[in-house]
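I opened a new structure today and kept notes as I went. Here is what I looked up.

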Amino acid sequence: MQSTSPLVFLGLDGLPWSLARELSVQGLLPNLTRVMDTSGPIRAELPELSPVNWTSLFTASPPGVHGVYGFTRMDPQTYRLSFTDFTHVHGPTIFEILGQAGFFSRAVNMPLLAPVRPCRAMLVAGFPAGGLEGSTHPPVLGGMLEDLGYRVDADTVHGATDPAFLLDELHRTLRGRKKALDLLWPDMSWDLFMLVLTETDRLGHFLFPALREEHHPWRGPCLEFMAAWDEVIGALLDRYHDLPDPKRLIMMADHGFTALDQEVDLNAWLARTGLLYTSRPPENEWDADCLDARTRAFALDPGRIYLHTRDRFAKGRMSPDDARRLAAELETALRAITVDGRRVIREIHHGRELYMGPQAHLAPDLVLVPEPGFDLKGKFGRTAVTGHFGRQGMHTAHDVFHFDSAGAPARTPTDVGRHILEHFGLPRQAVPL
């Protein structure tokens with residue numbers, strides 16, 4: 001095994017670099033401020049979702065290789081939607097690659113890592129794991145964390161309509177992350193230590209305006225939470241500072257965040273344009289089986305449009321040539337969508353051009369990046385194209401926080417994962433750049 005210096009990684013889920021800079025300038029995040037001068041923004045892999053980008057980090061590969069394109073995936077034969085988990089991830093993780101080379105990793109609250117696959121590491125999976133069972137390796141670690149009051153995630157269902165409850169939940173899960181840090185750091189029998197704080201993402205979805213608006217009624221409690229969050233960052237930075245040189249620290253968000261003005265449902269828009277039909281009323285917003293064979297295009301969250309071709313979907317009727325023509329027509333029509341005189345779509349990417357790799361065939365045909373404020377959705381059964389459904393913040397593909405004490409440039413979380421492997425003398429995986 002090659003001897004090398006330890007690497008510490010801190011994940012800050014959903015933290016926009018511009019907000020971090022703003023709050024640091026105001027003196028509200030003294031610990032994060034310690035790295036702000038040499039930090040900067042990168043871009044998320046598309047779609048700009050947590051499972052896509054954390055998977056890109058912990059596999060050091062883009063979506064066309066690891067095969068994760070969203071929180072949900074649809075069976076093209078049954079049209080059943082299911083939540084994505086680690087069983088859908090293709091390829092090895094950086095923990096497995098490092099373990100095979102003789103290095104030992106510890107990771108706390110890494111999203112999409114459950115059900116955990118055993119390897120030479122101590123792993124604690126994060127969202128969407130429902131609990132600690134099946135989410136830790138070794139399994140005994142789950143019992144140890146449970147005894148400490150550790151919880152995988154906050155109750156955002158109740159918290160969506162009760163800000164005080166949400167903040168209590170976030171404080172509780174944050175205390176759990178700190179206890180996990182205290183438990184797993186001290187013996188120093190690791191080469192890579194990773195801690196992910198997902199609380200900023202939850203706060204952003206339901207109270208993001210409070211972080212930016214001086215007179216927002218929930219600003220005080222939100223800033224109190226951010227102070228507690230910053231204290232956990234300080235605890236990790238202090239521990240890192242005490243490590244002997246050489247060493248390396250990387251900090252990264254998986255996507256940015258901004259205030260949400262309107263949700264824009266692409267399926268409602270496709271239905272209005274005569275491209276989406278249902279054979280019966282959907283039972284819920286996830287009931288994709290309601291799609292009729294006449295459908296030519298449909299969407300999944302957040303901005304993934306699939307062309308209903310016969311070579312890909314059981315009910316599809318379109319030929320590849322028809323699909324190519326429709327894609328061009330859709331691109332023109334989508335760019336023309338406006339709400340209150342504002343353009344909705346900022347970027348349109350064709351899946352065949354955006355993704356390369358062995359799992360690129362799973363990719364959406366079109367990937368849309370909205371203008372800030374417009375949160376793209378792909379529900380089933382909504383009739384209104386626009387609306388508000390309780391959330392106040394949304395992901396962005398831009399403005400993604402990044403810091404590397406080694407100064408290595410990165411474009412996306414995939415690059416950051418590759419830098420981790422390279423730090424330990426391991427070559428980048430043979431995947432498309």
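I began with L203, listing what it touches beyond four places away in sequence: L167, L170, F208, L211, C222, F225 and M226. Contact here means heavy atoms within 4.5 Å. The model is predicted: local features need pLDDT of at least 70, side-chain atom pairs count only at pLDDT 80 or more, and totals for chains, interfaces and linings use all residues. Residues are numbered from 1 along each chain as its sequence is written, and side-chain values use heavy atoms, with hydrogens and water left out.

I placed L203 in helix α9, residues 199-212. Helices (H or I, at least four residues) and strands (E, at least two) are DSSP runs, numbered from the N terminus. Is L203 buried or exposed? L203 counts as buried because its relative accessibility is 0%. Buried means under 20% relative accessible area, exposed over 50%, and partly exposed in between (1.4 Å probe, protein chains only). I also checked M226: it sits 23 residues from L203 in sequence, and their C-alpha atoms are 9.5 Å apart.

Next I turned to R106, in strand β5 (residues 105-110). At 5% relative accessibility, R106 counts as buried too. Which residue makes a polar contact with the side chain of R106? The side chain of D187 does, at 3.0 Å. A polar contact is a pair of N or O atoms within 3.5 Å; within protein, one must be able to donate a hydrogen and the other to accept it, and residues adjacent in sequence count only if both atoms are side-chain atoms. Leaving aside neighbours within four places in sequence, R106 also touches others, including M122, L184 and W190.

Then I looked at helix α6, residues 140-147. I found L141, G142 and L145 buried there. The buried residues of α6 pack against β6 (121-125), β7 (136-137) and α8 (163-184). Just after α6, G149 has a positive phi of about 85°.

I noted an open sheet of eight strands with mixed pairing, in the order β2-β21-β9-β1-β8-β5-β6-β7. Its edge strands are β2 (40-42) and β7, each pairing on one side only. Two strands pair if DSSP finds at least two bridges between them. β2 and β21 (residues 400-404) run antiparallel, joined by three bridges. G40 stands opposite H402 in β21.
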